[in-house]
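The sequence and structure come first.

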Amino acid sequence: TNIVVEETTRAFSKGEQPSFLVTIPQAKLKEVEKEWIKYIRKDSKGKPETINGEVWMPGAVVKNISPDPINIYSRLTETQEGVILTAWIAITDVAFVSKQLNTDQDLAAQNYIRNFAVDQYKEAVKGELKNEQDKLKKLENELDGLIKDEEKSVKKISEHKRSIERNEAAIVTSKNDQKLKAEQVANQKRVVEQLRNTPGDAFKEAEKTLKKMEDEQRKLEKEHEKLNRDIDNWNKDIRSEERNIEKSKQDQRLKREEIEKQKSVVNEVQRKLNGIK
């Protein structure tokens, strides 16, 4: 984008006088006002005054325009396109820089106004660029989050599968233990029957041993059930995590498309910034 300074006669507090007008695209009034006051005050002893929306800088030092201090009057207006800066540059109380008055001063004044406008436009586009870069970074962080979520799901599935393998091995052992315990219980029942009418404590001790064996048998059965329930729960979790992985892959694909689009936006804004002259 090429910044053009227009010379035109416009009215202000000193009447209708030659002025320099430029539009600073994308700029915001508050920021431009602050930077403009710093710009016209540079190397000067005086301070700008703002009266009825008009900024007046007495004794401005701009050697490229004049070896002597000059008075700069200006007005800033915000529009949808950006900020319009209108400046009147007075060499004396009655002589304003213009093409008709002095070509060299006229060109120097144009350059002075234009340099400011270009810098402010660049700052505005730099702000736009940072904003778009921040959006890109946010999308990239979101993609990283999706990838990490997928990796967590993969890890969880692997852990569950290893747990299932351990439980399946434990179930084999449990079945053997239950079979052995069932045989012991059956044998002990026969012993109890054989001792039922025997005098002394032998029958009671045999019953006590049987009860202990039956308790151990029930405990083995419960442990066996728990091993199977855990496997069922892990398989349920695995299916859930597999669905999460599938969704994550879809989300990652969409996020990568968003990232590529945002990269194009960033590159476009960067080209715009590089093209400001």
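Helices (H or I, at least four residues) and strands (E, at least two) are taken here as DSSP runs, numbered from the N terminus. By that count the protein chain has three helices and six strands. Their order from the N terminus is β-β-α-β-β-β-β-α-α. The model is a predicted one, in which local features need pLDDT of at least 70 and side-chain atom pairs count only at pLDDT 80 or more, while totals for chains, interfaces and linings use all residues. Residues are numbered from 1 along each chain as its sequence is written, and side-chain values use heavy atoms, with hydrogens and water left out.

**Overall form**

The C-alpha trace spans about 140 × 35 × 25 Å along its principal axes. The radius of gyration is taken over C-alpha atoms, and the globule rule is 2.2 Å times the number of residues to the power 0.38. There are three helices and six strands in the chain. Its radius of gyration is 44 Å, well over the 19 Å that the rule gives for 277 residues, so the chain is more spread out than a compact globule.

A residue is called buried under 20% relative accessible area, exposed over 50% and partly exposed in between (1.4 Å probe, protein chains only). Buried residues make up 35% of the 277 residues. Contact means heavy atoms within 4.5 Å. Of the contacts with a separation of 6 or more, 63% join residues 24 or more positions apart.

**Salt bridges**

A salt bridge is a side-chain nitrogen of Lys or Arg within 4 Å of a carboxyl oxygen of Asp or Glu. The whole structure holds 20 salt bridges.

| Pair | N to O distance |
|---|---|
| Lys249 and Glu150 | 2.8 Å |
| Arg196 and Glu193 | 2.7 Å |
| Lys226 and Asp230 | 3.0 Å |

The side chains of Lys249 and Glu150 meet in a salt bridge. Lys249 belongs to helix H3 (residues 202–274) and Glu150 to helix H2, so this pair ties together parts that are 99 residues apart in sequence. Lys249 is partly exposed at 41% relative accessible area, whereas Glu150 is buried at 14%.

Lys226 and Asp230 are four residues apart in helix H3, a separation of about one helical turn. Lys226 is partly exposed, at 44%. Arg196, which pairs with Glu193, is also partly exposed, at 40%.

**A buried glutamine**

Which residues does Gln120 contact, apart from its neighbours within four places in sequence? They are Ile24, Glu31, Val32 and Glu35. Gln120 lies in helix H2 (residues 103–195) and is buried, with 8% relative accessibility.

**Positive phi angles**

Most residues other than glycine have a negative phi. Gln26 has a positive phi, near 65 degrees. Gln26 sits in the loop between strand E2 (15–25) and helix H1 (29–41) and is partly exposed at 29% relative accessibility. Asp43 also has a positive phi, of about 65 degrees, although it is not a glycine. Asp43 is in the loop between H1 and strand E3 (49–51), and its relative accessible area of 62% makes it exposed.
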